[in-house]
Amino acid sequence: MNAPAAPVPLGRRMLRPLAALTAVALPTAYVASVDPNSPGHYPVCPVLRATGWWCPGCGGLRCVHALTRGDLTAAGHDNLLVMVLAGVVAVLWLRWAWAALTGGPAPGWRSAAGRRCC
(Lines give C-alpha, C1' and ligand atoms only; values in the text may rest on other atoms or scores of the structure.)
Protein backbone atom coordinates (compact mmCIF):
# COMPACT_ATOMS: atom_id res chain seq x y z
CA MET A 1 0.00 0.00 0.00
CA ASN A 2 1.27 3.46 -0.87
CA ALA A 3 1.53 6.10 1.82
CA PRO A 4 -0.44 9.29 1.17
CA ALA A 5 1.63 12.15 -0.15
CA ALA A 6 2.51 14.85 2.34
CA PRO A 7 0.72 18.15 1.71
CA VAL A 8 2.81 20.83 0.06
CA PRO A 9 3.54 23.70 2.48
CA LEU A 10 1.78 27.01 1.85
CA GLY A 11 5.01 28.92 1.21
CA ARG A 12 6.01 26.52 -1.52
CA ARG A 13 2.55 26.60 -3.12
CA MET A 14 2.54 30.40 -3.20
CA LEU A 15 6.12 30.72 -4.52
CA ARG A 16 5.25 30.85 -8.24
CA PRO A 17 2.24 33.18 -8.00
CA LEU A 18 4.21 35.57 -5.79
CA ALA A 19 7.23 35.43 -8.12
CA ALA A 20 4.98 36.28 -11.07
CA LEU A 21 3.40 39.12 -9.08
CA THR A 22 6.84 40.49 -8.26
CA ALA A 23 7.95 40.23 -11.92
CA VAL A 24 4.96 42.39 -12.91
CA ALA A 25 4.87 44.70 -9.89
CA LEU A 26 8.47 45.96 -10.12
CA PRO A 27 8.25 47.35 -13.68
CA THR A 28 4.74 48.64 -12.93
CA ALA A 29 6.07 50.51 -9.89
CA TYR A 30 8.74 52.09 -12.09
CA VAL A 31 6.16 53.21 -14.66
CA ALA A 32 4.01 54.54 -11.81
CA SER A 33 6.88 56.65 -10.48
CA VAL A 34 8.34 57.88 -13.80
CA ASP A 35 5.68 59.64 -15.85
CA PRO A 36 5.71 58.51 -19.50
CA ASN A 37 3.93 61.73 -20.49
CA SER A 38 7.10 63.74 -19.86
CA PRO A 39 9.60 63.35 -22.72
CA GLY A 40 13.04 61.82 -22.34
CA HIS A 41 12.35 59.00 -19.91
CA TYR A 42 11.36 56.22 -22.30
CA PRO A 43 12.41 55.37 -25.85
CA VAL A 44 10.09 56.11 -28.75
CA CYS A 45 8.16 53.11 -30.10
CA PRO A 46 10.24 51.62 -32.94
CA VAL A 47 7.15 50.97 -35.09
CA LEU A 48 6.00 54.57 -34.64
CA ARG A 49 9.48 55.87 -35.41
CA ALA A 50 9.91 53.69 -38.52
CA THR A 51 6.44 53.98 -40.04
CA GLY A 52 4.70 56.89 -38.33
CA TRP A 53 1.84 54.53 -37.43
CA TRP A 54 0.80 53.65 -33.91
CA CYS A 55 1.25 49.99 -33.03
CA PRO A 56 -1.17 48.15 -30.68
CA GLY A 57 1.22 48.84 -27.80
CA CYS A 58 1.51 52.58 -28.35
CA GLY A 59 0.14 54.35 -25.29
CA GLY A 60 0.65 51.26 -23.15
CA LEU A 61 3.03 52.95 -20.71
CA ARG A 62 0.72 55.93 -20.37
CA CYS A 63 -2.18 53.50 -19.82
CA VAL A 64 -0.32 51.64 -17.06
CA HIS A 65 0.68 54.95 -15.48
CA ALA A 66 -2.96 56.09 -15.49
CA LEU A 67 -4.11 52.72 -14.07
CA THR A 68 -1.68 53.06 -11.18
CA ARG A 69 -3.22 56.46 -10.46
CA GLY A 70 -6.75 55.05 -10.65
CA ASP A 71 -7.66 57.17 -13.66
CA LEU A 72 -9.66 54.67 -15.72
CA THR A 73 -10.84 57.27 -18.22
CA ALA A 74 -7.30 58.30 -19.15
CA ALA A 75 -6.16 54.66 -19.18
CA GLY A 76 -8.91 53.71 -21.60
CA HIS A 77 -8.13 56.70 -23.78
CA ASP A 78 -4.40 55.93 -23.88
CA ASN A 79 -4.71 52.23 -24.76
CA LEU A 80 -7.95 50.31 -24.27
CA LEU A 81 -6.32 47.01 -25.28
CA VAL A 82 -3.72 47.22 -22.50
CA MET A 83 -6.43 48.17 -20.02
CA VAL A 84 -8.56 45.14 -20.91
CA LEU A 85 -5.56 42.81 -20.91
CA ALA A 86 -4.50 44.10 -17.47
CA GLY A 87 -7.95 43.19 -16.15
CA VAL A 88 -7.81 39.71 -17.70
CA VAL A 89 -4.31 39.10 -16.32
CA ALA A 90 -5.42 40.26 -12.87
CA VAL A 91 -8.38 37.85 -12.85
CA LEU A 92 -6.23 34.94 -14.05
CA TRP A 93 -3.58 35.70 -11.41
CA LEU A 94 -6.23 35.84 -8.66
CA ARG A 95 -7.58 32.44 -9.74
CA TRP A 96 -4.07 31.01 -9.74
CA ALA A 97 -3.21 32.50 -6.34
CA TRP A 98 -6.50 31.27 -4.84
CA ALA A 99 -5.84 27.74 -6.10
CA ALA A 100 -2.32 27.86 -4.64
CA LEU A 101 -3.61 29.29 -1.36
CA THR A 102 -6.33 26.67 -0.91
CA GLY A 103 -4.16 23.82 -2.14
CA GLY A 104 -6.66 22.80 -4.78
CA PRO A 105 -6.19 22.47 -8.51
CA ALA A 106 -6.32 25.60 -10.61
CA PRO A 107 -9.91 26.22 -11.66
CA GLY A 108 -10.51 25.28 -15.26
CA TRP A 109 -12.46 27.06 -17.92
CA ARG A 110 -15.68 25.51 -19.10
CA SER A 111 -15.74 25.34 -22.83
CA ALA A 112 -18.48 24.38 -25.24
CA ALA A 113 -15.82 23.17 -27.68
CA GLY A 114 -15.02 20.18 -25.48
CA ARG A 115 -18.59 18.91 -25.37
CA ARG A 116 -19.90 16.26 -27.68
CA CYS A 117 -22.75 17.02 -29.95
CA CYS A 118 -25.71 14.69 -30.44
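**Helix packing and surface of a predicted model**

Guide: Helices α1 and α3 are roughly perpendicular to each other. The model is a predicted one.

Visitor: Why are α1 and α3 called roughly perpendicular?
Guide: The axes of α1 (residues 10–33) and α3 (residues 60–69) cross at roughly 85°. Angles of 65 to 115 degrees count as roughly perpendicular, so the pair gets that name.

Visitor: What makes the contact between α1 and α3?
Guide: From α1 come Thr-28, Val-31 and Ala-32, and from α3 come Leu-61, Val-64, His-65, Thr-68 and Arg-69. The two axes come within 8 Å.

Visitor: How do you know whether His-65 is buried or exposed?
Guide: The relative accessible area of His-65 is 9%. Buried means under 20%, so His-65 is buried. His-65 lies in α3. Leaving aside residues up to four places away in sequence, His-65 touches Val-31, Ala-32, Val-34, Asp-35, Pro-36 and Asn-37.

Visitor: Which residues in α3 are buried?
Guide: Gly-60, Cys-63, His-65 and Ala-66 are buried in α3.

Visitor: What do the buried residues of α3 pack against?
Guide: They pack against α1, α4 and α5. Just after α3, Gly-70 has a positive phi of about 80°.

Visitor: What makes Asp-78 and Arg-62 a salt bridge?
Guide: Their side chains meet at 3.9 Å, N to O. The cut-off is a side-chain nitrogen of Lys or Arg within 4 Å of a carboxyl oxygen of Asp or Glu, so this pair passes. In general, side chains of opposite charge can pair when their charged atoms come close.

Visitor: How many salt bridges does the structure hold, and which parts of the chain does the pair link?
Guide: The structure holds one salt bridge. The pair links distant parts of the chain, with Asp-78 in α4 (residues 72–78) and Arg-62 in α3, 16 residues apart.

Visitor: Why is Arg-62 called partly exposed?
Guide: The relative accessible area of Arg-62 is 29%.

Visitor: Where is His-41, and why does it count as partly exposed?
Guide: His-41 sits in the loop between α1 and α2 (46–51). At 45% relative accessibility, His-41 falls between the cut-offs of 20% and 50%, so the label is partly exposed. Apart from residues up to four places away in sequence, His-41 touches Val-34 and Asp-35. From His-41 to Val-31 the separation is 10 residues in sequence and 10.0 Å in space, C-alpha to C-alpha.

Visitor: Why is Leu-80 called exposed?
Guide: Leu-80 has a relative accessible area of 53%. Exposed means over 50%, so Leu-80 is exposed. Leu-80 is found in α5 (residues 80–102).

Visitor: Which residues form a nonpolar patch on the surface?
Guide: The patch is formed by Leu-80, Val-84, Val-88 and Leu-92, which together have about 340 Å² of accessible area. Patch residues need over 30% relative accessible area, and Leu-80 at 53% clears that cut-off.

Visitor: What is the pattern of the protein along the sequence?
Guide: The pattern is α-α-α-α-α, with five helices and zero strands.

Visitor: How many of the 118 residues, in percent, count as buried?
Guide: 15% count as buried. The accessible surface of the protein comes to about 9,300 Å², and 68% of that belongs to carbon and sulfur atoms. Among contacts with a separation of 6 or more, 42% are between residues 24 or more positions apart.

Technical notes
Residues numbered from 1 in each chain as written. Predicted model: local features only at pLDDT ≥ 70, side-chain atom pairs only at ≥ 80, totals over all residues. Heavy atoms only, no water. Patch = residues over 30% accessible without salt bridge, like charges linked within 9 Å, V, L, I, M, F, W, Y side chains within 5 Å. Areas by Shrake-Rupley, 256 points an atom, 1.4 Å probe, with all protein chains shown as cover. Helix = DSSP H or I, 4+ residues; strand = E, 2+ residues; numbered from the N terminus. Buried < 20%, exposed > 50% of the residue type's maximum accessible area, 1.4 Å probe, protein only. Axes fitted to C-alpha atoms, helices over the stretch in contact; angles between N-to-C directions. Parallel < 35°, antiparallel > 145°, perpendicular 65-115°, else oblique. Contact = heavy atoms within 4.5 Å.
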